[in-house]
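Below are some notes on the fold and its packing, as numbered points. Please read them alongside the sequence and the coordinates.

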Amino acid sequence: MATTVKLHLLRVGACRHLECMAARGGRWAMMDFPALCGLIQHPTRGWILYDTGYAEHFFTATEHLPERLYRQFLPVDLPPAELLTAQLATLGLTTADIGTVIISHYHGDHIAGLRDFPKAQFFALRKDTEQFLALTGKRWRATLQGYLPGLLPDDFLPRVQAADDCAQVDLPAWLQPFTSGLDLLGDGSLLAVPLPGHSHGQMGLFMPDADGRPVFLIGDAAWSLPFLREGRLPSRLVAMITPDRRRYAQTFRGLQQLAVKEPALALLPSHCTVAWQEYLHDA
Ligand SMILES: [Zn+2]
């Protein structure tokens, strides 16, 4: 039996863009893309985050060109009550209570709050960290790919651990086609699952027992649960800027199979309001 964890799913800001970008055949209408992050309470390891969503640092990092293009292209709404620090305070927590941040991938809307957690250790897949660090100093290239290296804490390197170095374990057979995970804490409670394509080393997080049910946080491997269930990939324009289209489609098809055959599994994309509401409703 895996250790039971608790999961709070928090909305930390949002951006808006066209539905037809999120799914082929989608409407030419603006759609809300919340930045969701997972706040996990582990019985012995304390408080852990899966991504951070947006933060004030995002606005500092995108003040000047070329980074300013990022926020012009994807306007961000971050009301004070949605700040992660404010939501933690509501739960009686301070930023120092967060001991670990699991980074799905390094896009600005997933890591903007890293600087707020001075005590945290970070987990990411090695390939993703290497590709992100290789963009340091290449401001235009980084921006055009959705990366803002200025968001990294100055002492990031000694604090990041490659999830790849954790023990590899078999996933439950019903999770096929995903067969193996990386046991981040060594107790089977948090299993990192590579979901390549959207970025080279994107990391999903499977929790066999989050408050009594299985949960799979899937980052940006799909943007919308309803579109995933229907097997509708993002637009061809988005495909053009996806680093590995073939692997993206492969990951997406695998998740689609799961979404259809395992309705009891909470599959949670980082930016899907429907999945978030279904999760809260079933809690
Ligand atoms: Zn992304």
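1. Leu191 has Phe206 of strand β11 standing opposite. This is a predicted model, and the pairing belongs to a run of four bridges in which β10 and β11 (residues 203–210) are antiparallel.

2. An open sheet is formed by seven strands, with mixed pairing and the order β4-β1-β2-β3-β5-β6-β7. Its edges are β4 (76–77) and β7, each of which pairs on one side only. Helix α12 (residues 273–282) packs on this sheet, where it touches β1 (6–18) and β2 (30–42). The direction of α12 makes about 40° with that of β2.

3. At the β7 end, β6 and β7 run parallel and are joined by three bridges. Phe122 has Val160 in β7 as its bridge partner.

4. Which residues of helix α6 (residues 126–133) are buried? They are Asp128, Thr129 and Phe132. These residues lie on the same side of α6 because the arc they cover around the axis is only 100°. An α-helix has 3.6 residues a turn, so residues three or four places apart point the same way. The cover over the buried residues of α6 includes β6 (121–124) and β7 (160–162).

5. Pro34 is a residue of strand β2. Why does Pro34 count as buried? There are 23 C-beta neighbours inside 10 Å of Pro34, and the cut-off for a buried residue is 20 or more. Apart from neighbours within four places in sequence, Pro34 is in contact with Arg11, Ala14, His271, Thr273 and Trp276. Two of the elements already mentioned meet here: Thr273 and Trp276 are contacts of Pro34, and α12 spans residues 273–282. Tyr54 is 20 residues from Pro34 along the chain, with a C-alpha separation of 9.6 Å.

6. The largest nonpolar core holds 85 residues, and the members touching the most others are Leu267 and Leu268. Once neighbours within four places in sequence are left aside, the contacts of Leu267 are Phe216, Ile218, Leu225, Leu255, Leu258, Ala259 and Ala275. In soluble globular proteins, nonpolar side chains tend to be buried together.

7. For the protein as a whole, the count is twelve helices and 13 strands. Of its 283 residues, 45% are buried. Contacts between residues at least 6 apart in sequence include 63% that join residues at least 24 apart.

8. The overall dimensions can be checked against a simple rule. A compact globule of 283 residues would have a radius of gyration near 19 Å, and the 17 Å of this protein agrees with that. Taken along the principal axes, the C-alpha atoms fill a box of roughly 50 × 45 × 35 Å.

Key
Residues numbered from 1 in each chain as written. Predicted model: local features only at pLDDT ≥ 70, side-chain atom pairs only at ≥ 80, totals over all residues. Buried ≥ 20, exposed ≤ 12 C-beta atoms within 10 Å, placed from the backbone. Helix = DSSP H or I, 4+ residues; strand = E, 2+ residues; numbered from the N terminus. Arc of directions from axis to C-beta. Contact = placed C-beta atoms within 7 Å. Pairing = 2+ DSSP bridges. Core = buried A, V, L, I, M, F, W, Y, C linked by C-beta atoms within 7 Å. Axes fitted to C-alpha atoms, helices over the stretch in contact; angles between N-to-C directions. Rg over C-alpha atoms; globule rule 2.2 N^0.38 Å.
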